[in-house]
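Open the structure in your viewer and keep the selection tool ready. Each stop below tells you what to select and what to look for there.

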Amino acid sequence: MIRFEEVLAKVERSHPSDDLEVLRKAYRFSSNKHDGQSRESGEPYFNHPLAVADILADMKLDASCVSVGLLHDVVEDTVVPLEEIEDNFGRDIANIVNGLTKINQFHFYSKEARQAENFRKMFLAMVDDIRVVLVKLADRLHNMRTLEFLPLERRQRIAQETMEIYAPIAHRLGMGKVRGELEDLAFATLEPEAHGHIKHEIEQKRKVRQNLLEEIKNRLTHQLQEHEIPCTLESRVKRIYSVHQKIRRQRISIEQVYDLLAVRIITGSVRDCYAALGIIHNLWQPVPGRIKDFIAIPRPNMYQSIHTSVIGPQGQPFEVQIRTVEMHRVAEEGIAAHWKYKMGRGMDDKDDQRFLWLRHLVEWQQEMQDPSDFLSTLKIDLYPEEVYAFTPKGKVIILPRDATPVDFAYAIHSEVGACCVGAKVNGRIVPLRSRLKNGDIVEIQTQTGHVPSRDWLSFVKTSRARNKIRHYLNVSRRERAIELGKRILEKEAKRLKLNLKKHMGDGSLLAAAKPYRCDKLEKIYSALGFGKISGRMLLSKLVPPGELTGVAKDRPGKFTSAVKKVFGLSTDGSLKVKDIDGLLVYRAKCCNPIRGEPVVGYITRGKGVAVHAKRCANVGNLLYEADRKIDVSWTGTVGATYAVKLSISVDDRQGMLAEITSRISDIKTNIKNIEAQAFEDRHGLIHVTIEISDLKHLERAVHSIKKIKGVNEIAWR
């Protein structure tokens, strides 16, 4: 149980000049307002804000920020209005609390829309005061530590959000300790079997590894003292989730992870860092290609260190990280290590590089209306950047892995990206879809009047490039759709002998379009032009009963029937377009969506509505035209089965195939096809096609197979 006096003492030690009375006042206020409330565990609710305040105090944050930790849930979970917070604690603290309060007073048509708006609000608040996200990370960290008291489905949802959003935010802010703990806690919830297996593997040889690390540290200490390099040494075993990622990505065993063990040398100066590197390479054989100098070129989150992997005693590889004391503080705590709030100035100018990504994030999020689009792009943008390329004049441009010259061009300026017609990398002309590597010198060739190509969406990696391209294509397509929709409406009104101007003037046209979420005339034109709604069905609502003849509302027309025949398609009875009847709806073959999983509809050119699973890799590229997206849902029809192909990465051992088929058979699942292949590195890949009835059935099958020892990863489509 955390005591308030301990929190108070921590703040006093790190900020002796702060007014601690505000902290005492926040403690009394929050304790009083949360009195009588309890958490899912049954403990008093106030234990949570007190724990959040303790985490913030450990980060050495100021009294105001720690006070927000105590107050962060008061507005959201009690009847206290924000004005009362401002009256008692001032505008500064009230603004941070407001940035942390979820949007509850508005109606959203989906949970996804609410989630997107909450993140938008948080990021906008971060621009004004970065302490908003520091408190949010502390809040999420304590919630993850106490996650076991929640129902399984809710635990998994929170853990997934933590892995996709909050851990990457901590990484981008350089908060390595917070990020590592969030990832490990989320991993334990999302993949308990894999987490348990790796934890067991690490614990099994922990004593041997600790002895090896002590031997390495003793030898290093002696050599560094001999060369008069003052330093302190630390050691660590790689975090469980990081080990899992490396094993899965490189398909190696835990013994082949080069940086499973690491020694950290913390010196007094940059000069000593490089001197220590020379000593290490004289002591042990370096692993080629494993030297990374993040001191000369810091990571985007301002992380600085030299990394090198060497082969140590008994042939055991290990990593050495070398950095100064200040670099170590920033690496561990990130922005929290040197945060100083300056009377309403928000972020310091010296932090421009660290927050450049945040400014770009806020820039493009203003343009994005679709919640799923916003969330998927946000997840991409939060992932770490890994490629360092250069302009011909030597300016460093930091990009995500596999970025292309088009990404590079947009990183320089949106106009350079739009007018890009070619690129030279290291003096040679390369295709625009080429992948850039560390150290490449890139020269962009432009042409006035050139416009972005739709094809670029299939290979660009940065959200900046993707959203600028989408924006141009959206505007261009929307203008054409509006013009087409206007002509369709006029033609249909003429056929039905309706006075279109009259219905526009008295509001009856907008009233008829309301079920289709068209509250403006321009939206009606756009929906008609993109084929979202039928002009005939819309205007038929304006014709008096008894006068309407020949309008088939519920029966598919001849055109739909012809399309079915030509393309061999059939309407899937288990799927329905919201508010519209008679449209051809079919499941996309690229992702084979399964009953029960989240889906999205996309109006194709002449082939009806293709329904994709939201997980589908093609969704991001298809939905650049937001107006062609359409709401679809699963209907009450049941009984259909779906053929799903599982790709299972396994250790190559005797009996593996038999165990997998047995597990599938145990849950009454039919196997349609199975193929297996083994590789030289003692790994194998099994492809098995099974018949399942819905998403829950598939999850049961996957969960059952994952329990088999030696099953590393399962993908499906």
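In which strand is the place of threonine 324? Select residues 317-324: this is strand β6, and threonine 324 belongs to it. Bear in mind on every stop that the model is predicted.

**Stop 1: threonine 324**

Show the side chain of threonine 324 and the backbone of methionine 327. The threonine 324 side chain reaches the backbone nitrogen of methionine 327 at 3.2 Å. Is threonine 324 buried or exposed? Threonine 324 counts as buried, because its relative accessibility is 9% and the cut-off for buried is under 20%. Setting aside the neighbours within four places in sequence, threonine 324 is in contact with Ile266, Thr267, Ser269, Val270 and Cys273.

**Stop 2: aspartate 18**

With a relative accessibility of 24%, aspartate 18 counts as partly exposed. Which residues is aspartate 18 in contact with, leaving aside its neighbours within four places in sequence? They are Asp62 and Ala63. Zoom in on alanine 63: its backbone nitrogen lies 2.9 Å from a polar atom of the aspartate 18 side chain. Then select serine 64. Aspartate 18 and serine 64 are 46 residues apart along the chain, and their C-alpha atoms are separated by 8.7 Å.

**Stop 3: helices α19 and α21**

Two packed helices are described by the angle between their axes and the distance between the axes. Select residues 405-412 for α19 and residues 463-495 for α21. These two helices pack at an angle of about 85°, and their axes are 8 Å apart. That angle makes α19 roughly perpendicular to α21. Which residues make the contact? On α19, colour Asp407, Tyr410 and Ala411; on α21, colour Arg464, Ala465, Lys468 and Ile469. The residues of this contact divide into four nonpolar, no polar and three charged.

**Stop 4: two asparagines**

Most residues other than glycine have a negative phi. Select asparagine 426, in the loop between β9 (420-425) and β10 (428-430). Its phi is near 55°, a positive value in a residue other than glycine. Asparagine 426 counts as partly exposed, at 46% relative accessibility.

Now select asparagine 592, in the loop between β13 (585-587) and β14 (599-603). The phi of asparagine 592 is near 50°, again a positive value. Is asparagine 592 buried or exposed? Asparagine 592 counts as buried, at 15% relative accessibility.

**Stop 5: cysteines**

A disulfide is a covalent bond between the sulfur atoms of two cysteines. How many disulfides does the count come to? With a cut-off of 2.5 Å between the sulfur atoms, the count comes to zero disulfides.

Select cysteine 591 and cysteine 616 to see why. The closest cysteine sulfur to that of cysteine 591 is in cysteine 616, 3.8 Å away, which is too far for a bond. Cysteine 591 is buried, with a relative accessible area of 3%.

Finish with cysteine 419 and cysteine 420. The closest cysteine sulfur to that of cysteine 419 is in cysteine 420, yet the two sulfurs are 9.1 Å apart, also too far for a bond. Cysteine 419 is buried as well, with a relative accessible area of 16%.

Notes
Residues numbered from 1 in each chain as written. Predicted model: local features only at pLDDT ≥ 70, side-chain atom pairs only at ≥ 80, totals over all residues. Heavy atoms only, no water. Buried < 20%, exposed > 50% of the residue type's maximum accessible area, 1.4 Å probe, protein only. Helix = DSSP H or I, 4+ residues; strand = E, 2+ residues; numbered from the N terminus. Polar contact = N/O pair within 3.5 Å; in protein donor to acceptor, adjacent residues only side chain to side chain. Contact = heavy atoms within 4.5 Å. Axes fitted to C-alpha atoms, helices over the stretch in contact; angles between N-to-C directions. Parallel < 35°, antiparallel > 145°, perpendicular 65-115°, else oblique. Nonpolar A, V, L, I, M, F, W, Y, C, P; charged D, E, K, R; others polar.
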